[in-house]
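Thanks for coming, everyone. Please take a look at the structure before I start.

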Amino acid sequence: MAPLPEGRKWLRQNLPPSCAAWRTVSTVREADPDAIFVQVEALGWGWTQDEQLQAEVAWRLAHTYLAFDLFTGRVDTTHLLWPYLRQHGVTGE
């Protein structure tokens with residue numbers, strides 16, 4: 001799989017804002033469980049019918065959606081990039 005752009009540097013720049021946004025949403029939901037949030041991202045989508053490329057496409061999509069997945073609390077031990085994130089020093093906190 002292709003590495004994420006600039007590895008640790010990319011993670012250091014993108015994890016804090018995503019995590020801060022997620023904590024903000026969690027705090028607001030504690031105060032108002034009925035709060036509605038709208039998340040907008042300019043994301044792309046890709047696919048292939050070539051079985052040899054499916055893993056690469058999945059990896060690239062996981063990278064494309066990583067900030068969104070972090071913001072929405074979808075990154076856990078089952079996330080495709082979890083091993084990569086752990087390898088680059090990301091913890092579960």
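**The core and what surrounds it**

The largest nonpolar core has 13 residues. Those with the most contacts inside it are L11, L66, V75, L81 and L85. A nonpolar core here is a set of buried Ala, Val, Leu, Ile, Met, Phe, Trp, Tyr and Cys residues joined through side-chain atoms within 4.5 Å. Buried means under 20% relative accessible area, exposed over 50%, and partly exposed in between, with a 1.4 Å probe and protein chains only. At least two residues of this core come from each of α1 (8-31), α2 (54-64), α3 and α4. Helices are DSSP runs of H or I, at least four residues, numbered from the N terminus.

A word on the source. This is a predicted model, where local features need pLDDT of at least 70 and side-chain atom pairs count only at pLDDT 80 or more, while totals for chains, interfaces and linings use all residues. Residues are numbered from 1 along each chain as its sequence is written, and side-chain values use heavy atoms, with hydrogens and water left out.

Back to L81. Which residues does L81 touch, not counting those up to four places away in sequence? They are W59, A62, H63 and L66. Contact means heavy atoms within 4.5 Å.

Now the loops. V40 lies between α1 and α2. V40 counts as exposed because its relative accessibility is 68%. G73 sits in the loop between α3 (66-71) and α4 (82-87). At 44% relative accessibility, G73 is partly exposed. G73 and R23 are 50 residues apart in sequence, yet their C-alpha atoms are 9.6 Å apart in space.
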